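Subject: Structure for you to look through

Hello,

Here is the structure I said I would pass on.

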Amino acid sequence: RSKSTNDELVRAASTEEILRIVGARGSSFSAINEATALTRLARASRPALGSRRTALAQSSQVRALLGRVEQRLGLGQGGYAPRALANLAHAAAKLRLGSGACRAGGAPELWPLLRARIVERADEFNSQDLANIAWAFATAGERAADLFSAIARTAERPLDEFTPQGPATTAWAFAT
């Protein structure tokens, strides 16, 4: 069921269609489904600017989804593979979910929870994931010295492990 839900999320062509799936089946999403839904929402809303993106982030379906993500992250690893954690951070930054924007029913905030899980597992990320995580935290304006220290230690890899843009993105994130 999780795979068919993920396939449906990937095929969804609009934010409205993704939100329909989230509303109908979000309470039974796996960790993979949650990461895919947020990633697809970020991608589908790319052209949306300002108030439309803010409205999307504040929609009841997205707030409920973020509450479940926060709950799963708060339990520790919560079933998120390293790539899913990187995708969650990237999607949250694309959706402009800054600190405090994703509070759901008094649940802990998304960014500190993501930071804790990523720091715990820093050695498990590939170079592209590290570049995406650094970009996401810098774009969201999240201060995360421990995360950037973990990325710096882990990023000491041969340059051929990065995509051509990876080192530039990582350097920009550190400078930001």
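The side chains of asparagine 33 and asparagine 6 are joined by a polar contact of 2.9 Å. A polar contact here is a pair of N or O atoms within 3.5 Å; within protein, one atom must be able to donate a hydrogen and the other to accept it, and residues adjacent in sequence count only if both atoms are side-chain atoms. This is a predicted model, in which local features need pLDDT of at least 70 and side-chain atom pairs count only at pLDDT 80 or more, while totals for chains, interfaces and linings use all residues. Residues are numbered from 1 along each chain as its sequence is written, and side-chain values use heavy atoms, with hydrogens and water left out.

Where do the two asparagines sit? Asparagine 6 lies in helix H1 (residues 2-11), and asparagine 33 lies in helix H3. Helices (H or I, at least four residues) and strands (E, at least two) are DSSP runs, numbered from the N terminus. Asparagine 33 counts as buried at 2% relative accessibility, and asparagine 6 counts as buried at 15%. Buried means under 20% relative accessible area, exposed means over 50%, and partly exposed is in between (1.4 Å probe, protein chains only).

The side chain of asparagine 6 also makes a polar contact, of 3.0 Å, with the side chain of threonine 36. Leaving out residues up to four places away in sequence, asparagine 6 touches Ile32, Asn33 and Thr36; contact means heavy atoms within 4.5 Å.

Next, helix H3. It covers residues 31-44, has 14 residues, and reaches 20 Å from its first C-alpha to its last, close to the 20 Å expected at 1.5 Å a residue. The expected span is 1.5 Å times one less than the number of residues in the helix. Eleven of the 14 residues of H3 are buried, so H3 is largely enclosed by the rest of the structure. Among the buried residues are Asn33, Thr36, Leu38 and Leu41.

Now the charged side chains. How many salt bridges are there? The count comes to eight, where a salt bridge is a side-chain nitrogen of Lys or Arg within 4 Å of a carboxyl oxygen of Asp or Glu. One of them pairs arginine 20 with glutamate 8, the closest N and O atoms being 3.5 Å apart. Arginine 20 lies in helix H2 (residues 15-25) and glutamate 8 in helix H1, so this pair ties together parts that are twelve residues apart in sequence. Both residues are partly exposed, arginine 20 with a relative accessible area of 45% and glutamate 8 at 21%.

Glutamate 8 forms a salt bridge with arginine 25 as well, with the closest N and O atoms 2.2 Å apart. Arginine 25 lies in helix H2 and glutamate 8 in helix H1, so the pair ties together parts that are 17 residues apart in sequence. Arginine 25 is buried, with a relative accessible area of 16%.

Glutamate 124 and arginine 121 form a salt bridge too, at 2.9 Å from N to O. Glutamate 124 is partly exposed at 46% relative accessibility, whereas arginine 121 is buried at 10%. As for shared partners, salt bridges join Glu8, Arg20 and Arg25 into one network.

Most residues other than glycine have a negative phi. Arginine 96 has a positive phi of about 60° although it is not a glycine. Arginine 96 is placed in the loop between helix H6 (82-94) and helix H7 (110-120), and counts as exposed at 59% relative accessibility.

Finally, the whole protein. There are ten helices and zero strands, and the pattern along the sequence is α-α-α-α-α-α-α-α-α-α. Of the 176 residues, 48% are buried. Among contacts with a separation of 6 or more, 72% are between residues 24 or more positions apart.

Regards
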